[in-house]
Amino acid sequence: MSGKSSLSEAANAIILESISDGVFTVDHNWRIMSFNRAAEEITGTPRNEAIGRYCWEVFRSNMCEGDCALKRTMKEGKSFVSSSTYIINNRQKRVPIGVSTSPLKNDKGEILGGVETFRDHSLVEELRRELSGSFEMGDMVSRSSSMKKIFNILPQVAESDSTVLIEGETGTGKEVMATALHNLSWRKGNPFVAINCGALPDSLLESELFGYKAGAFTGADKDKPGLFEAAGNGTILLDEIGDTSSAFQVRLLRLLEEKEYQPLGSVEKCRTNTRIIAATNRDLERMVEEGTFRRDLFYRINIIRFQLPPLRQRKEDLPLLVEQFIKKMNHIKGGAVAHMSKEAMALLLVHDYPGNIRELENIIEHGFVLCHEAEMDIDHLPAYLQESGTRSHSFVNSIEDSVRISEKESIEEALRRNNYNRLAAAQDLGVHKSTLFRKIKKYQITLPTQDGRTRRL
Amino acid sequence: MNIAITVWGNRISPVFDAAKTLLVVEIIDGEVVGRTVRTFQATRFDWFEKIFQEMEVQLLICGAICEVGVNRFEAMGIEVVPFLTGEVEKLLEQFVRGKEFSDFTMPGCRVGPCCKRSGVVLGHPVQVLKAGCKE
């Protein structure tokens with residue numbers, strides 16, 4: 001018997017040493033009793049240094065101080081499987097791991113301590129990062145085919161110096177895309193300047209862009225450089241270009257053609273090497289046809305045109321965007337939100353996003369104000385979303401009702417048309433007679449005592 | 001000089017990234033003359049920068065900390081002695097006596113000041129302290 005026992009102990013030891021999961025055991029005082037080879041590799045701590053030490057000194061997990069899985073196991077006497085966490089190894093690197101814990105019991109069922117097994121998830125994380133990286137371009141993330149096409153050509157467009165026109169509804173990320181173009185180009189080290197052309201009257205817009213000379217107008221005490229001068233070899237984004245006046249469009253056209261501009265009050269022209277990106281939420285092509293946007297300027301800026309799809313047409317990107325905004329807010333606000341609950345995500349998926357990605361970002365920011373837990377739930381989302389969720393639910397019900405009512409009416413109409421001959425009505429409706437009988441029963445349609453078949457007879 | 005220690009009860013917090021409490025100790029002429037406790041979120045480096053400036057902290061003693069964290073503190077001009085473990089009072093006792101931290105080094109440590117072949121130069125007493133790793 002003792003021979004068998006010692007054989008199984010030896011076998012256990014061999015198994016423990018050969019597996020790729022780290023395993024260690026602790027006693028009631030949290031001192032490490034055993035530490036396998038994989039545990040040495042993952043933590044970077046040799047076994048002879050680990051044995052006898054407190055587990056938190058060796059394991060160094062972010063769970064140790066607060067939510068220790070082993071502590072819960074020892075307290076409740078039950079196992080816990082697969083908590084995701086990370087440790088800091090002896091090279092100061094964060095190692096993502098999955099942890100499972102079990103109580104260590106003797107033959108009599110007495111708890112002797114606890115056993116913790118952990119698996120290195122570095123490779124999984126690396127692959128996940130690489131995979132998500134293929135959906136990223138600058139600060140833009142997307143899995144949608146329409147955005148993927150844009151991502152594919154964006155680096156080439158960035159390399160060129162051609163003027164780019166970005167079209168898209170408000171909040172679709174036109175400025176983010178312009179920034180990505182700038183950052184992917186050789187101009188990266190130079191300034192990126194954005195200006196909303198629609199927000200300023202002509203004279204102010206011109207002085208902002210081209211600058212002015214002292215004495216150009218009352219109050220112009222000294223020279224003021226414009227944004228083109230400030231941007232230098234960088235990039236300038238002219239947002240809402242569709243909202244500019246015809247007079248400004250002429251000036252802009254001249255600048256694009258001659259690469260020169262004239263500050264207000266100056267007699268000399270200044271050369272510029274700034275790359276111009278224009279953006280608009282309006283349909284410039286239609287505006288050209290209507291005569292509200294200059295055709296020559298349109299053709300001058302329409303060298304490369306991107307059309308950013310609205311968020312409602314790329315809802316497959318919602319999980320990715322939500323994840324990105326959660327990460328961003330965690331960083332900015334120092335929050336600890338890990339993810340969105342399934343219910344909250346479902347609610348986000350049914351919304352139409354008239355404000356597009358900007359609206360989604362605001363929704364997540366709203367959630368961060370209210371959420372102090374790891375999971376952001378429906379309660380943390382804005383009230384208007386919760387209400388629309390309820391409305392869409394009742395809408396679904398009404399659709400089902402409508403289908404039911406409509407089907408009942410169609411059957412009644414077909415029966416009337418065919419003098420209540422059920423076989424003829426079924427053929428008329430294009431269904432089998434047994435289906436019609438079933439539906440007549442389901443909708444409790446009352447049939448006259450003398451039907452078409454009887455009459456025919 | 002003022003030193004900051006991330007604490008967990010009466011011990012050094014095992015992982016800086018998950019620590020919640022900071023003890024700032026004022027040491028004058030080899031004696032602890034003041035203590036302040038603050039709670040924090042380890043991800044808020046801007047908070048540390050502000051607090052460390054306000055309290056004139058020159059040295060941070062902590063448990064395991066990732067490389068990024070060390071770099072952030074070093075960029076702020078704060079010396080970091082990482083991978084230490086044990087009771088805070090005993091460590092402070094050693095510190096004011098100017099002794100080495102070798103007894104407090106975490107097992108398996110390969111990144112302590114001695115491993116990097118550099119020392120922590122303190123204002124008082126003028127000496128070099130090393131968190132010697134066990135070979």
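This is a predicted model: local features need pLDDT of at least 70, side-chain atom pairs count only at pLDDT 80 or more; totals for chains, interfaces and linings use all residues.

Let me begin with the core. The largest nonpolar core consists of 28 residues, and Leu209(A), Leu238(A), Phe293(A) and Ile301(A) have the most contacts inside it. Several elements of chain A each supply at least two residues of this core, including strands β9 (192–196), β12 (235–239) and β15 (275–280), together with helices α9 (202–210), α12 (284–290) and α13 (295–301). Helix α11(A) contributes the largest share, 5 residues.

I turn now to the salt bridges. Side chains of opposite charge can pair when their charged atoms come close. Over all chains, the structure holds 33 salt bridges.

One is formed by Glu258(A) and Lys269(A), whose closest N and O atoms are 3.5 Å apart. Glu258(A) sits in helix α11, while Lys269(A) belongs to the loop between β13 (260–261) and β14 (270–271), 11 residues apart. Glu258(A) counts as partly exposed, because its relative accessibility is 34%. Lys269(A) is likewise partly exposed, at 47% relative accessibility.

Another pair is Asp352(A) with Lys315(A), where the closest N and O atoms are 3.8 Å apart.

In the remaining pair, Lys328(A) and Glu361(A) meet at 2.6 Å, N to O. Lys328(A) is partly exposed, with 37% relative accessibility.

There is also a network of salt bridges, which links Glu413(A), Arg416(A), Arg417(A) and Asp428(A).

Helix α16 also holds Ile363(A), which is buried, with a relative accessible area of 1%. The C-alpha atoms of Ile363(A) and His380(A) are separated by 9.1 Å, the two residues being 17 apart along the chain.

Next, the surface patches. Which residues gather in the patch of positive charge? They are Arg404(A), Lys408(A), Arg438(A) and Lys442(A). Helices α17 (383–417) and α19 (433–442) each supply at least two residues of this patch. Lys442(A) is placed in α19 and is exposed, with a relative accessible area of 52%. A patch of negative charge is formed on the surface by Glu343(A), Glu373(A), Glu375(A) and Asp379(A). Of these, Glu373(A) lies in the loop between α16 and β18 (375–376).

Finally, the backbone. Most residues other than glycine have a negative phi. Tyr353(A), however, has a positive phi near 55°. This residue lies in the loop between α15 (342–350) and α16 (356–370), and Tyr353(A) counts as buried, because its relative accessibility is 0%. Asn419(A) also has a positive phi, of about 50°. Asn419(A) is found in the loop between α17 and α18 (422–429), and is partly exposed at 41% relative accessibility.

Thank you for your attention.

Key: Residues are numbered from 1 along each chain as its sequence is written. Chains are lettered from A and ligands numbered from 1 in the order in which they are written. Side-chain values use heavy atoms; hydrogens and water are left out. Patches are made of residues with over 30% relative accessible area and no salt bridge: like charges are joined within 9 Å, nonpolar side chains (Val, Leu, Ile, Met, Phe, Trp, Tyr) within 5 Å. Accessible areas come from the Shrake-Rupley method with a 1.4 Å probe; for residues, only the protein chains shown count as cover. A salt bridge is a side-chain nitrogen of Lys or Arg within 4 Å of a carboxyl oxygen of Asp or Glu. Lys and Arg count as positive and Asp and Glu as negative; His and the chain ends are not counted. The place of a charge is taken as NZ of Lys, CZ of Arg, CG of Asp or CD of Glu. Helices (H or I, at least four residues) and strands (E, at least two) are DSSP runs, numbered from the N terminus. Buried means under 20% relative accessible area, exposed over 50%, partly exposed in between (1.4 Å probe, protein chains only). A nonpolar core is a set of buried Ala, Val, Leu, Ile, Met, Phe, Trp, Tyr and Cys residues joined through side-chain atoms within 4.5 Å.
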